[in-house]
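The following paragraphs walk through one protein chain, from its overall layout to a few local features. Please keep the sequence and the model in view while reading.

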Amino acid sequence: MAKKPKSRAGIDDVMLVPVSPSQQKKRRRILVASAIVAALLLFFGGLWTGNSGSLDTSETNRRLRAELKSASRELEAARNELALYRTDTEVTQQARENLRQEIKGLRDQAAELEEAVSFYKNVMAPGGTERGMQIEKLTLQPTGEDRQYSYKVVLVQSGDNRNYLSGDISLTLRGSKDGSAIKLTGDSWLDDGSETRFRFRYFQELNGRFHLPEGVEIVALDVDAESGGRNRYETQKTIKWQ
């Protein structure tokens with residue numbers, strides 16, 4: 001029995017269809033148009049994406065500028081607050097220093113008043129234990145001129161002060177020169193106008209000045225006061241120079 005010949009699948013079924021040149025041209029036009037459309041879409045898509053990125057960058061810059069302005073305002077406010085704090089601190093310190101000086105002045109005045117009260121009590125108290133003439137105060141200090149010094153002697157009469165006291169004070173300057181002790185006595189070493197005579201009932205202040213001889217260093221100043229007449233008194237006081 002003869003076998004039927006087998007057909008080749010996919011080959012025997014292919015049909016060749018003739019294509020006209022006009023159809024080929026039409027297909028090429030469609031392909032070219034599609035390519036142009038695709039290129040335009042890609043171009044405008046990229047342009048939109050670029051513009052979107054620029055917009056994002058511009059928005060970020062605006063936000064950063066706004067944050068910078070806000071930080072600048074906060075910094076300026078902090079600077080103003082710091083300047084105000086410094087001003088308040090300086091004012092407080094100045095007020096504190098002024099108050100300290102005022103308190104010191106008041107304390108000095110209080111000490112002077114206490115000294116004055118004690119002085120007048122000593123002068124005016126007839127029942128006091130100390131009677132007669134006394135050297136209540138003796139001071140010695142430089143005047144500011146070259147080797148010139150000033151002294152002040154305050155004499156008082158305590159107890160019965162119904163009568164006047166009169167007399168003189170003598171000053172003795174003890175010092176050293178070239179390692180040797182010396183004494184200046186009398187009044188020749190005192191400047192003109194220096195006070196040594198007194199006459200008072202309650203108290204009297206004597207003042208004077210002197211120039212220290214060249215090469216002499218002060219050790220101490222001795223003051224002796226002696227009254228004459230019916231009420232004779234003698235008193236002495238020394239101030240050491242430091």
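The model is a predicted one, in which local features need pLDDT of at least 70 and side-chain atom pairs count only at pLDDT 80 or more, while totals for chains, interfaces and linings use all residues. Residues are numbered from 1 along each chain as its sequence is written, and side-chain values use heavy atoms, with hydrogens and water left out.

The protein chain contains 1 helix and 8 strands, and along the sequence these follow the pattern α-β-β-β-β-β-β-β-β. Of its 242 residues, 20% count as buried, a term that stands for under 20% relative accessible area, with exposed meaning over 50% and partly exposed the range in between (1.4 Å probe, protein chains only).

S2 and S6 run antiparallel to each other and are joined over 9 bridges, where two strands are said to pair if DSSP finds at least two bridges between them. One of the contacts in this pairing joins Tyr 151 to Gly 208, its bridge partner in S6. In a regular strand the side chains alternate between the two faces of the sheet.

Strand S2 covers residues 148–158 and includes Gln 157. With a relative accessible area of 1%, Gln 157 is buried, and a polar atom of its side chain lies 2.6 Å from the backbone oxygen of Arg 201.

Which residues line the largest pocket? The lining is made up of Glu 112, Glu 115, Ala 116, Phe 119, Tyr 120, Glu 136, Lys 137, Lys 152, Val 154, Phe 203 and Glu 205. The elements that give two or more residues to this lining are helix H1 (21–124), strand S1 (132–142), S2 and S6, and H1 gives the most, with 5 residues. The volume of the largest pocket is about 280 Å³. On a 1 Å grid over the protein atoms alone, a pocket is an open set of points where a 1.4 Å probe fits, with protein on both sides within 12 Å along at least five of seven lines, and lining residues have an atom within 4 Å of a point; grid points are joined across faces, edges and corners, and the volume is the space filled by probe spheres set on them. By class, the lining has 5 nonpolar, no polar and 6 charged residues, where Ala, Val, Leu, Ile, Met, Phe, Trp, Tyr, Cys and Pro count as nonpolar, Asp, Glu, Lys and Arg as charged, and the others, Gly among them, as polar.

Side chains of opposite charge can pair when their charged atoms come close. The structure holds 5 salt bridges, each being a side-chain nitrogen of Lys or Arg within 4 Å of a carboxyl oxygen of Asp or Glu. Among them, Glu 97 pairs with Arg 100, the closest N and O atoms lying 2.4 Å apart; because Glu 97 and Arg 100 are 3 residues apart in helix H1, they are separated by about one helical turn. Glu 97 is partly exposed at 30% relative accessibility, and Arg 100 is partly exposed at 44%. Another salt bridge joins Lys 104 and Asp 108, with 3.3 Å between the closest N and O atoms, and both residues lie in helix H1, 4 residues apart, or about one turn of the helix.

A further salt bridge links Asp 222 to Arg 174, whose closest N and O atoms are 2.8 Å apart. This pair connects distant parts of the chain, with Asp 222 in strand S7 (residues 217–227) and Arg 174 in strand S3 (residues 165–177), 48 residues apart. Asp 222 is buried, at a relative accessible area of 11%, while Arg 174 is partly exposed at 27%.

Two loop residues complete the tour. Most residues other than glycine have a negative phi. Arg 147, however, has a positive phi of about 60 degrees although it is not a glycine; Arg 147 sits in the loop between S1 and S2 and is partly exposed, with a relative accessible area of 22%. Asp 178 likewise has a positive phi, near 55 degrees, and is placed in the loop between S3 and strand S4 (180–184), where Asp 178 is exposed, with a relative accessible area of 73%.

How values were computed:
A polar contact is a pair of N or O atoms within 3.5 Å; within protein, one must be able to donate a hydrogen and the other to accept it, and residues adjacent in sequence count only if both atoms are side-chain atoms.
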